[in-house]
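Here is a walk through one protein model, taken a piece at a time.

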Amino acid sequence: MADHPPVAVATGEPLLSYLDGATGERTDLTAQQLGAWAARSAGLLRDGCGLRPGDRVAVLLPPHWRTAAVLIGAWSVGLAVSFRPRALAGLPVLEPGADLPYDAVFVTPERLDDWLEDVPEGTHRYLVGTGPGPLSSVPAGWLDWSPEVLRHPEIAPDLGALRPSDPASPDGTSYGEWGAVAREYAKQLDLCAGDRLLVDVAEHEQPLKWLLAPLAAGASVVLCANLDPAAREERIAAERVTRVL
């Protein structure tokens with residue numbers, strides 16, 4: 001994560017694909033396209049919200065191409081990101097300083113409306129939809145991420161400003177430490193440069209598994225929502241998948 005390894009995916013080939021088996025939605029992003037969305041997200045946080053390295057961001061989003069853009073954008077400007085897994089039986093996932101408002105919060109409308117969830121307070125609050133278009137309605141006090149992020153240019157931040165020792169999450173885990181964990185997990189999955197990893201998003205919510213590990217290995221990712229088990233092998237063949245999470 002801190003080493004910024006080169007992407008070992010052929011130019012023009014998708015680095016990240018998102019497929020929804022229920023709606024038929026498909027989004028393919030090359031490394032350049034994903035980088036552009038991440039740059040816009042970085043601009044939203046840095047210039048739109050005025051956040052600075054070390055500020056805290058909560059990301060309560062499922063595996064999705066927009067989630068990847070939010071996470072990479074936040075990390076690229078030195079923010080400490082808490083990716084909180086879905087609350088179980090109403091019990092929140094606590095971390096140091098969790099009682100304090102976050103500097104920014106990102107959540108899906110479904111998760112915001114779920115009474116079992118413990119959505120933290122935030123100074124800047126964004127709803128991120130998982131459908132193809134803008135949200136039909138946004139409650140007071142929240143903003144729709146999709147139109148807001150488009151207000152910012154595709155100008156990537158200076159990654160040289162990040163240090164491996166800087167905190168990448170509010171618990172103090174550094175960029176260097178997360179990078180080492182991502183490379184080790186990629187090794188456990190036997191992921192190599194050029195591999196194409198299929199991920200059932202209903203089974204794997206943590207970004208270490210579906211985002212950081214494959215990127216650390218130079219692999220591309222196919223995120224499958226509402227994956228039909230009966231069509232799994234057909235999907236693997238059609239997407240030229242070499243590894244399955």
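Contact here means heavy atoms within 4.5 Å. Before using it, a word on the ground rules. This is a predicted model, with local features needing pLDDT of at least 70 and side-chain atom pairs counting only at pLDDT 80 or more, while totals for chains, interfaces and linings use all residues. Residues are numbered from 1 along each chain as its sequence is written, and side-chain values use heavy atoms, leaving out hydrogens and water.

Start with Trp 210. Not counting residues up to four places away in sequence, Trp 210 touches Leu 16, Pro 63, His 64, Thr 67, Ala 68, Leu 71, Val 199, His 204, Glu 205, Val 221 and Leu 223. Trp 210 also belongs to the largest nonpolar core, which has 51 residues. Such a core is a set of buried Ala, Val, Leu, Ile, Met, Phe, Trp, Tyr and Cys residues joined through side-chain atoms within 4.5 Å, where buried means under 20% relative accessible area, exposed over 50%, and partly exposed in between (1.4 Å probe, protein chains only). The residues with the most contacts inside the core are Val 59, Leu 71, Phe 106, Trp 145, Trp 210 and Leu 223. Helix H2 gives the largest share of this core, 7 residues. Helices (H or I, at least four residues) and strands (E, at least two) are DSSP runs, numbered from the N terminus.

Now for the sheet. It is an open one of 5 strands, in the order S4-S3-S5-S6-S7, with parallel pairing; two strands pair if DSSP finds at least two bridges between them. The edges are S4 (80-82) and S7 (143-144), each of which pairs on one side only. Within the sheet, 5 of the 6 residues of S5 are buried, so S5 is largely enclosed by the rest of the structure. S3 (residues 56-60) is joined to S5 by 4 bridges, with Ala 58 opposite Val 105. S5 and S6 share 5 bridges, and here Val 107 faces Leu 127. Then 2 bridges take you from S6 to S7, where Tyr 126 stands opposite Leu 143.

What do the aromatic rings do? A search of the whole structure finds 3 aromatic pairs. Phe 106 and Tyr 126 have ring centres 5.3 Å apart and planes at 15°, so this pair is stacked. Phe 106 sits in S5 and Tyr 126 in S6, so the pair ties together parts that are 20 residues apart in sequence. Both Phe 106 and Tyr 126 are buried. Elsewhere, ring pairs link Trp 37, Trp 65 and Trp 145 into a cluster. As for the cut-offs, rings of Phe, Tyr and Trp (its six-membered ring) pair if their centres lie within 6.5 Å; planes under 30 degrees apart count as stacked, over 60 as edge-to-face and the rest as tilted.

Next, look at H1 (residues 31-48). H1 has 18 residues and reaches 24 Å from its first C-alpha to its last, close to the 26 Å expected (1.5 Å times one less than its number of residues). Its buried residues include Leu 34, Arg 40 and Leu 45, and among the elements covering the buried residues of H1 are S5, S6 and H2. Just after H1, Gly 50 takes a positive phi of about 75°.

Finish at Ala 202, in the loop between S8 (196-200) and H6 (207-217). Ala 202 is exposed, with a relative accessible area of 66%.
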